[in-house]
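Here are a few friendly notes to read alongside the model. Take them one at a time and find each spot in the viewer as you go.

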Amino acid sequence: MAIATLTLNPALDLTTCTEKVRPGHKLRCTAPRFDPGGGGINVARVATHLGGRATAVFPSGGPAGATIVALLEAQRVPILAVPIAGATRESFTVDEGRPGDQYRFVLPGPELSADELAKLLDALFGVAEADHIVVSGSLPPGCDPAILKRIAERCRQSGVKLAVDTSGSALAACEGARAWLIKPSLREVADLLGRAIASEAEEMAAARELHDRGFAEIVVISLAERGALLAGEGRELRLPAIPVEAKSTVGAGDSMVAAITLASARGKAIEDALRYGIAAGAATLMTPATELARKEDVERLYAGTVS
């Protein structure tokens, strides 16, 4: 059993800290930390750290792309990096003081040619023994969101479970795709449906609507500090968050998707998979900057939900 992830718009994440963010001033910062970033890459990192087999497929170009490759190799995350003509983007996070606010700056990334996209999909479906595929993160500029339906169709033909974690026009394009699972946030669902979602009953109704409109067999909506809910496979479920001291929100959603997918690949029931996902998200909240979940934290937090 193996997992393959696709990141169409990866980023080299730079994180630093300054005492106070003020306009018009030189802001003296701490030494930067560099991490390989992008939804699918983060999913592969977390799944690998949790003991799973996960291969990250992504486009790579320029110095930032080369650095991402080197960082993932150092972390022993299996990769299939597809060379592209453009330069992989960078993003940066600035933490203000201790404690303080966190500022996240995200650049758009390069456009991908039709040939580069075709090579990425060939690499994705060429991952040996992959029975779960995760497509996570934003689309690069100019990319037709219909690519997600193309991926979903190929997954159905191959008998592979597809999980999608995206937003905006890419999430809207998943209608009718019938993926195995999607995991939008509550804000993303409200934006998609064009209405406020003000109660728990409305939250579950929104999840049912996405399921009924063919977005996925299983709809998981993350509710931040209130946990997550699930609709699909003939059941509805709401689980609370695990209270932890949050140091950074970066990668928490990716960690949830990684753990849910890994638990499914290991044959766990969907409720257990969601509990594992919530534990992984909470474990990532406990880590600073762009660091992701630590296995020992995930296992400890998960054990507390089933005892």
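1. Start with T18, whose bridge partner in strand 6 is E96. This is a predicted model, where local features need pLDDT of at least 70 and side-chain atom pairs count only at pLDDT 80 or more, while totals for chains, interfaces and linings use all residues. Residues are numbered from 1 along each chain as its sequence is written, and side-chain values use heavy atoms, without hydrogens and water.

2. Strand 2 (residues 11–18) runs parallel to strand 6 (residues 89–96), with eight bridges in the pairing. A strand here is a DSSP run of E with at least two residues, numbered from the N terminus, and two strands pair if DSSP finds at least two bridges between them.

3. Now widen the view: an open sheet of four strands has the order 3-2-6-7, with mixed pairing. Its edges are strand 3 (33–37) and strand 7 (102–106), each pairing on one side only.

4. Next, the cavities: how many of 30 Å³ or more does a search of the whole structure find? There are two. A cavity is a set of points on a 1 Å grid over the protein atoms alone where a 1.4 Å probe fits but cannot get out; lining residues have an atom within 4 Å of a point. Grid points are joined across faces, edges and corners, and volume is the space filled by probe spheres set on the points.

5. The largest cavity holds about 40 Å³, and its lining includes L8, P59 and I84.

Key. 1 Å grid on protein atoms, 1.4 Å probe; cavity = no way out; pocket = protein on both sides within 12 Å on 5 of 7 lines; lining within 4 Å.
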